[in-house]
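Please read the sequence and the structure together, and keep both in view while following the text.

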Amino acid sequence: LACVLCLSMIFGTCTTTFAAVEDAFTGDTVNYVSLGASNVNGYGLDGYLPEGTTAANKNTANVFGYRQCPSGSYVDLVGKELEDKGYSVNTSQLAISSMRVEELRVLLDEDYMGDAYTAWRFIGPGKWFENAAVTGGLDALRADYADSIADADLITVDIGVNNFGVYLSNQIASGGTAYDDDLSLVDPELAETYNNAKAYVYELIEEHADEYADDVSELEFAVDAMTYALAGFCINFDIVMEKIYELNPDATVVAVSIQNLMEGLEATVPGVDGPVPFGELFGALVDAANLYIAAGSPYSDDYLFADVSENGRVEFFLDQLLAYDGSPASLDRD
């Protein structure tokens with residue numbers, strides 16, 4: 001699942017983004033900052049992995065796309081569009097593969113350290129925010145994000161695909177035990193968002209429950225996981241936008257819609273009869289999140305919304321995937 005990409009969509013995303021901002025700049029130079037995850041940083045393209053990456057050092061090297069800008073990636077395409085219009089472009093590619101909006105908030109909010117998934121995947125000795133990608137670990141990474149955003153003329157924010165992809169898949173497939181997250185969100189200021197999300201998820205589950213369960217109560221773990229994903233996205237997206245505008249109130253910010261990379265996916269969940277239509281359920285959550293980005297966030301009047309209404313999963317050659325030995329050099333890029 002970590003290999004799920006949407007490279008086929010980056011061209012449309014780039015065009016949508018540039019069309020929204022082409023008249024926004026008056027100077028000759030554009031400082032461009034990209035925030036997001038693997039669907040924008042060129043994951044899988046030549047140039048994504050630093051030279052010298054091997055199976056032996058891949059866990060400590062910069063293999064998550066930070067400051068990488070391979071040819072043909074979303075960030076590269078946006079930069080070239082700007083250059084074609086006569087601008088000189090300084091690009092800061094800060095999108096990091098696997099990140100959810102929670103991890104982006106960690107990098108912008110020094111008082112927030114994420115949740116259990118953040119701790120498992122990104123925080124602590126040997127985890128990515130502490131590895132050799134940037135000397136100084138998390139503190140240095142936060143400083144780089146703050147400095148880059150403060151100097152930006154254009155910021156694209158394409159975040160959330162992992163909130164409704166790998167993270168949620170693992171939670172549901174494990175019966176809600178993959179990550180020991182606090183699903184209550186008991187802060188009174190967050191209660192309304194959480195309760196609204198839970199009501200929406202209940203309606204969604206009940207609409208489809210008879211397809212694979214006798215009663216919605218059998219899927220309470222799924223309700224909790226989906227509520228956490230949706231409410232957490234909305235809450236943390238707003239805080240990310242707050243932090244961006246605190247650092248740079250004058251930047252042109254483009255928020256890009258989330259794609260449903262699980263479209264059409266069905267999977268078996270232990271204890272549940274029949275295949276669960278993950279793609280359909282995730283799609284409904286993604287639709288709700290996109291509606292929030294477009295009109296529900298208190299910052300929606302401040303940024304531009306780029307709607308990329310394309311969904312779908314990338315097909316893989318299973319024989320090559322099964323033969324993969326852990327070394328990136330062994331991949332057949334043809």
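Predicted model: local features only at pLDDT ≥ 70, side-chain atom pairs only at ≥ 80, totals over all residues.

Residues are numbered from 1 along each chain as its sequence is written, and side-chain values use heavy atoms, with hydrogens and water left out.

Helices (H or I, at least four residues) and strands (E, at least two) are DSSP runs, numbered from the N terminus. Two strands pair if DSSP finds at least two bridges between them. Five strands form an open sheet in the order β2-β1-β3-β4-β5, with parallel pairing. Its edge strands, β2 and β5 (304-306), each pair on one side only. On average, neighbouring strands of this sheet are turned by 20° against each other, direction ignored; such angles run from 0 to 180 degrees between N-to-C directions, and axes are lines fitted to C-alpha atoms, for helices over the stretch in contact.

Strand β1 (residues 29-36) is largely enclosed by the rest of the structure, because six of its eight residues are buried, meaning under 20% relative accessible area, with exposed over 50% and partly exposed in between (1.4 Å probe, protein chains only). Six bridges connect β1 with the parallel strand β2 (residues 88-93), where Val-89 is the bridge partner of Val-30. Five bridges connect β1 with strand β3 (residues 154-158), also parallel, and Gly-36 has Asp-158 in β3 as its bridge partner. Four bridges then pair β3 with strand β4 (residues 252-256) in the parallel sense; Val-157 is partnered by Ala-255 of β4. Helix α6 (residues 137-150) packs on the sheet and touches β1, β2 and β3, its direction making about 140° with that of β1. Contact means heavy atoms within 4.5 Å.

How do helices α4 and α9 cross? The axes of α4 (residues 101-108) and α9 (residues 220-247) come within 9 Å and cross at roughly 30°. That makes α4 roughly parallel to α9, a term for angles under 35 degrees. The crossing is left-handed: the near helix is turned anticlockwise from the far one by less than a right angle.

Finally, the cysteines. Cys-69 counts as partly exposed because its relative accessibility is 37%, and Cys-234 counts as buried at 7%. The count of disulfides (pairs of cysteine sulfur atoms within 2.5 Å) is zero.

Conventions
Parallel < 35°, antiparallel > 145°, perpendicular 65-115°, else oblique.
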